[in-house]
Structure formats: C-alpha cells, structure tokens
Amino acid sequence: MLKTGDRIGIVGGGQLGRMLAIAAGRLGFKTIVLDPQENAPAFEFADRSFIAAYDDPKALKELADLCDVITYEFENVPVTAFDALSGSVEVHPNTTALATSQDRVTEKTFFNTLDIQTAPWFDITSPEALETALAECGGKGIIKTRRFGYDGKGQIRVNSNHHESISEAKELCAETPCILEGFIEFTREISIIAARSRSGEVKTFDIAENVHRDGILHTSTVPASITDETRSKAMKIAEKTLSELEYVGVMGIEFFVNASGDLMVNEFAPRVHNSGHWTEAACTISQFEQHVRAVAGLPLGATRRHSNCRMENLIGHDMDKVPEILQMDDTMLHLYGKAETRDGRKMGHFTQITPKSA
Ligand code: AMP
C-alpha cells in the first residue's frame, strides 16, 4: 500500500491525467506526469513533468525508478514499453487489459469467449472480404480500424446500397487492418464505471445513459432509463470483465441497449472514462479518486450516488456557454486549462445535479 508522499507515475497528461493528478494530490500522493506535449493539461497539477514520447524507453525507465506505481490515462501506449518495466515497478491496469483493449479483434474475442454479447463482427483481412461480410450483416455496418480508433475516428458507416461508402471503406481496409461490425439499431447507449482493488474487490458506480454527437460523447445522464434487470446485467458483466483480467484500477465499459433491454458490449477503456465525469459531482468519491485508491493499494471508496445528474462536455466553441453555465444552479464546472480552443477538442465539462429520484 502506498503511503503519504509516495509517487504515482501517470503516462499521458491530457484532461484525464490532470484529474487523476488532482485526486492523487488530495490523497497525499505525489505525481509525475509523462506526456510528449510541452504544455500538457496535467502538468499544472503534477509534482514533476517529463516531456517525452509515451514509449521513450529512457524516460519510462526514469519514471519507473522514481515512482512507486505507474498508471496511464491513455490506452494507446505501446504494450512493449510497459512490459520492459515489468519487475522494476507495478503498472496498473495490467498490460493484458491494455493489449486486449488496443485491438478490436482481441477485445471482441475476449468478450465473446466469456459469453458476453457484442455486435456481430468480421475480421476484414482484405478489401474483397468486405462485401461478403456486409451481406452477412444485412447490408448495414460500420468499418472500424482494429487499432487506434477513438471518439468515432477511424470509422466509416457502410451500406450495400451506397457504393461510395463501400469504396471508401475498401480504401481504409487496404491501408490498415479493420473489422466490420453489424449496424446495431440500439434504443440507448449506456456505460458503467467499475473499479477493482489490488485485493480483488469490485465496485461499480451507477450506470450512465450517454448521447454521442459526431462520434464524441455529448451528455451522460444518471440514472439511465433502463430496468433494474438491465442494470444488474451490466453490473455482472463489469464484475466478470474486471475479475477475468485480474484488473486493478477503474475501467469504463460502453454498451448498446435494445428495445427488450438486452445488452451488447461496444468497447471498454482500461482507464477513467469521460462518461464517468459525473461522479465528481454526484458521488462523494469520484472515478478519479477511486482509480488512485485502487492503483495505490488503498481500499475502494463507496460508490453511492447522492444526486441525479447530467454531465455535458464542452467541445471546441461550446466554451462560449461558460458565462451561462456559471449562472446555473447546482452546477459544477470543470475546465481543463487548454489555452487553444479547437473544433472537436474537449475543453471541459459541467455537471448539474438534481435531487435523487431512485
Ligand atoms: P466507438 O468509437 O466504437 O465507441 O463508436 C462511437 C459511436 O458510434 C458509438 O458510441 C455509437 O454511437 C456508434 N456506433 C459504434 N459502433 C456501432 C454499431 N455497431 N452500430 C451502431 N452504432 C455504432
């Protein structure tokens, strides 16, 4: 178990790393953040900053030598970079979870092997394989790159009646390995934030209902409009996933829900997740504190929600809404300190709480 003044290394200095550094500081730990950008948002709250590539072996070795545990805010760090540190420092979440989340084929195979449903999917090994697979999906699907996709990037919607979408998708498949997923006519999207401690205890926060715009999370509302049965199914899937991976830390799992309340896992992120930002306003212990507790070997905190809430992301010029948000009742504003506002860039978020209904 880490003690006051011990150091947590955080690989990735974006807004998630920043919120982790704040939470770690509040628990009396020191943080060292590594990020390739000179003015990474997390540096302001870190005790030390390393400006280096995520897989720079020299910088990672120095981080490992200085820290008591290493964690990350970003799942695209090469697994080999962390594997090289094994033995010298603990890395949480472990590299099995990291590797599983980095490749959509590995990720979907992992869930399907546990009898957890996903969208139907096909490993597209050649552009020619696309049309056959698309026919098996009923003519509608989404091509996704196997690796390095996030916020809807590296995805093309395809329809067998729309030739342009097929040629575009074929080009992507020729460039990089892809999968085809059947298009799911879901009624809602939900996510769960779950944590597992070093001793194997799993705790889940309540489930959020998410709305995406242009592939990027727009709002998370809690409680989600789902039945208790669907809620408990999602919790069981989360428990199984974290235990199977012998995971330590916080994980976000996203699901599609259909009209009968059946669930399909879309994907998981081996880190704190945007759809869990609401926890800082509607729970006593946020997902960030929960992650720090888990990786530091402390007991997990209670995940009880004291309020209903709605979190909204501030993306690019949504920042113009800040004066209005500052006038809103019971609303927590959280800005990431990014100097430059750009289209599609996550600049902050706000969460409005209301009395708890259920
Ligand atoms: P992803 O990057 O895989 O999380 O996808 C981003 C968003 O695209 C999801 O949150 C959904 O809104 C939508 N999406 C992804 N996969 C599918 C699918 N198989 N069927 C329908 N919509 C999807």
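Start at helix α2: among the elements covering its buried residues are β1, β2 (30-35), β3 (48-51), β4 (69-72) and α3 (79-83). Here contact means heavy atoms within 4.5 Å. Helices (H or I, at least four residues) and strands (E, at least two) are DSSP runs, numbered from the N terminus. This is a predicted model: local features need pLDDT of at least 70, side-chain atom pairs pLDDT 80 or more, while totals for chains, interfaces and linings use all residues. Residues are numbered from 1 along each chain, and side-chain values use heavy atoms, without hydrogens and water.

Select 57-66, the α2 helix. Ala59, Leu60, Leu63 and Ala64 are buried (under 20% relative accessible area; exposed is over 50%, partly exposed in between; 1.4 Å probe, protein chains only). They span an arc of only 140° around the axis, so they sit on the same side of α2. The arc is taken from the directions from the helix axis to the C-beta atoms.

Turn to the face away from that side. Pro57, Lys58 and Asp65 are exposed there.

Now pick Asp56. It caps the N-terminal end of α2, with a side-chain oxygen 3.0 Å from the backbone nitrogen of Lys58.

Of its 38 residues, Ile8, Phe29, Trp278, Phe288 and Val292 touch the most other members. Helix α1 gives the largest share, six residues. Domain 1 (7-91) and domain 3 (188-355) both contribute, so this core lies between them. Those bounds come from an automatic or database domain assignment.

Finish on Val292. Beyond neighbours within four places in sequence, Val292 contacts Ile8, Leu20, Ala23, Ala24, Leu27 and Phe29.

Methods
Core = buried A, V, L, I, M, F, W, Y, C linked by side-chain atoms within 4.5 Å. Polar contact = N/O pair within 3.5 Å; in protein donor to acceptor, adjacent residues only side chain to side chain.
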